[in-house]
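Here's a quick tour of one chain, from the overall layout down to a single side chain. Have the model open while you read.

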Amino acid sequence: IQKEEISLVQSKEVINLRGRVIPILRLQELLDIPESEEEPENLIVVIMQKGDQQVGLIIDNLIGQQETVIKSLGRHITNDKLFSGATILGDGEVALILDTNTLI
């Protein structure tokens with residue numbers, strides 16, 4: 001989306017997508033990552049849905065899609081409900097899996 005398409009409703013950011021008002025979240029803020037100097041004109045928004053509730057998640061980059069086996073984090077990361085588990089990618093790298101249900 002263009003960053004001009006973001007509106008404020010009750011001091012929360014929203015977008016209008018096909019006639020529906022969808023609240024948006026910024027992944028940088030959720031993960032407490034410092035913002036970059038300049039926000040790009042075009043933003044990537046992933047729309048997530050749970051039942052009939054939707055939320056948009058602004059991300060930096062979309063790499064692709066792949067099937068993974070999610071492994072529990074066990075007691076290693078128990079106080080952070082943002083992640084539901086982890087997976088090992090094809091190149092051996094470990095990736096954390098966001099629990100999208102907690103975001104909606």
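## Layout

Going along the sequence, you get the pattern β-β-β-α-β-β-β-β-α. That is two helices and seven strands, where helices (H or I, at least four residues) and strands (E, at least two) are DSSP runs numbered from the N terminus.

This is a predicted model, so local features need pLDDT of at least 70 and side-chain atom pairs count only at pLDDT 80 or more, while totals for chains, interfaces and linings use all residues. Residues are numbered from 1 along each chain as its sequence is written, and side-chain values use heavy atoms, with hydrogens and water left out.

## Size, surface and charge

Along the principal axes, the C-alpha atoms fill a box of roughly 40 × 30 × 25 Å. Of the 104 residues, 23% are buried (under 20% relative accessible area, 1.4 Å probe, protein chains only). The chain exposes about 8100 Å², with carbon and sulfur atoms supplying 49% of it (Shrake-Rupley method, 1.4 Å probe).

On the charge side, there are 9 positive and 17 negative side chains, and the centres of the two sets lie 11 Å apart. Lys and Arg count as positive, Asp and Glu as negative; His and the chain ends are not counted. Each charge is placed at NZ of Lys, CZ of Arg, CG of Asp or CD of Glu.

Among contacts (heavy atoms within 4.5 Å) with a separation of 6 or more, 40% join residues 24 or more positions apart.

Now zoom in on Q54, which sits in strand β5 (residues 53–59). Leaving aside neighbours within four places in sequence, Q54 is in contact with R20, I22, P23, I47, M48 and Q49.

How values were computed. Buried < 20%, exposed > 50% of the residue type's maximum accessible area, 1.4 Å probe, protein only.
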